[in-house]
Amino acid sequence: MTNDVITETNKMHMSTDKIVEQSDLYSQKGGTVRTPDQNPLPVRVTARDVKVFYGQKQALYDVSIDIPERSVTAFIGPSGCGKSTFLRCLNRMNDTIEGCRVEGQIKLDGGDIYDPQLDVVELRARVGMVFQKPNPFPKSIFENVAYGPRIHGLAKNKTDLEEIVVSSLQKASLYEEVKDRLHEAGTGLSGGQQQRLCIARAIAVSPEVILMDEPCSALDPIATAKIEELIDELRQNFTIVIVTHSMQQAARVSQRTAFFHLGVLVEEGPTDVIFTSPGEKRTQDYITGRFG
Ligand SMILES: Nc1ncnc2c1ncn2[C@@H]1O[C@H](COP(=O)(O)OP(=O)(O)OP(=O)(O)O)[C@@H](O)[C@H]1O
């Protein structure tokens, strides 16, 4: 992809009078095809030239992206392309993997999240994560949600804590189903309810960003539909990044989509553009099922 084509692609989807502020990304040279939003939202997370290595093996090559606030950004691409690796960079979960090394720069609200002075526990409260398989603690429903606010000192007293638990369960669309059994085990819930409990647990510490790594892959279609509905509601208040294998899911829940292939961010842009008129042949081939 030449820079000329990138410029043309951008022009095609840009009405300059509507672009409030042009991100430096759109003037960068490089391999990623980028289409800005017509009405861009403020950016919450910026990644620049992120490279990830597992030992000698490089898994990500110079990934640069802006993640806008109060919207859903989907990462798509074939298995092994580096979606989860990049997602884990955003709250330093890769720190927990031996031999994993991250280079480049990632900022949350302008602050470098790889600053050695930064408290990683605090970062992971600001950037929460929901995993592929629901993983409630072996504790009651109440305790699952109360744990985070308690360790982060977010509640002044018992009543305060109860309010946080109830409102988090409400925001995760779970409260009505569990209000009479808050002190029963979280692991006794259905898979879909457990995943909503994990979302309530993430919400309880008032994160700015919620990362979701294939949150529906262990769920049936009805539970999946509920989570997708929930994601759509949550974006009013949170910045959400979701890794998904399902292109239908990316199309349904996200406003922006980033397509990865072989460790490279090939293309990113508004979801409707990625799925209807992508600027790169590899994106087109992937979304039309030619590989992956
Ligand atoms: N802990 C690890 N140690 C060594 N290599 C790893 C590790 N995790 C991932 N990789 C490698 O990094 C590359 C990217 O993997 P990653 O899991 O990020 O891809 P992905 O796009 O999320 O894949 P999938 O859709 O299958 O989950 C792959 O080649 C993978 O084998």
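Modeller: The model is a predicted one. I start with the pair α7 and α8, whose crossing is right-handed. Helix α7 covers residues 191–203 and helix α8 covers residues 221–234; their axes lie 9 Å apart at an angle of about 20°. Angles under 35 degrees count as roughly parallel, and α7 and α8 are therefore roughly parallel to each other. On the α7 side the contact involves G191, G192, Q195, R196 and I199, which meet A223, K226, I227 and L230 of α8. Sorted by class, this contact has four nonpolar, three polar and two charged residues.

Helix α7 also packs against helix α4, which spans residues 141–151; the two axes come within 7 Å and cross at roughly 30°. This pair, too, is therefore roughly parallel. The crossing of α4 with α7 is right-handed. From α4 the contact takes I141, N144, V145 and G148, and from α7 it takes L197, A200 and R201. Its residues by class are four nonpolar, two polar and one charged.

Helix α4 has a further partner in helix α5, residues 158–171, where the axes come within 9 Å and the crossing angle is roughly 120°. That angle makes α4 oblique to α5. The handedness of this crossing is right-handed. Here F142, V145, A146, P149 and R150 of α4 meet L161, I164, V165, S168 and L169 of α5. The contact of α4 with α5 divides into eight nonpolar residues, one polar and one charged. V145 takes part in the contact of α4 with α7 and also in that of α4 with α5.

As for the ligand, the residues around it are Y54, A59, G77, S79, G80, C81, G82, K83, S84, T85, I97 and H245. Helix α2, residues 83–89, gives the most to this shell, with three residues. By class the shell has four nonpolar, seven polar and one charged residue.

Finally, the record: an unreviewed UniProt entry lists residues 45–287 as "domain: ABC transporter". In the model, the end C-alpha atoms of residues 45–287 are 26 Å apart, and the span is 37% helix and 27% strand.

Note on methods: Residues are numbered from 1 along each chain as its sequence is written. This is a predicted model: local features need pLDDT of at least 70, side-chain atom pairs count only at pLDDT 80 or more; totals for chains, interfaces and linings use all residues. Axes are lines fitted to C-alpha atoms, for helices over the stretch in contact, and angles run from 0 to 180 degrees between N-to-C directions. Helices (H or I, at least four residues) and strands (E, at least two) are DSSP runs, numbered from the N terminus. Angles under 35 degrees count as roughly parallel, over 145 as roughly antiparallel, 65 to 115 as roughly perpendicular and the rest as oblique. A crossing is left-handed if the near helix is turned anticlockwise from the far one by less than a right angle, and right-handed if clockwise. Two residues are in contact if their C-beta atoms, placed from the backbone, lie within 7 Å. Ala, Val, Leu, Ile, Met, Phe, Trp, Tyr, Cys and Pro count as nonpolar, Asp, Glu, Lys and Arg as charged, and the others, Gly among them, as polar. A residue is near a molecule or strand if its C-beta atom, placed from the backbone, lies within 6 Å of it. UniProt positions are given in the numbering used here, feature names are shortened, and annotations may be inferred rather than shown by experiment.
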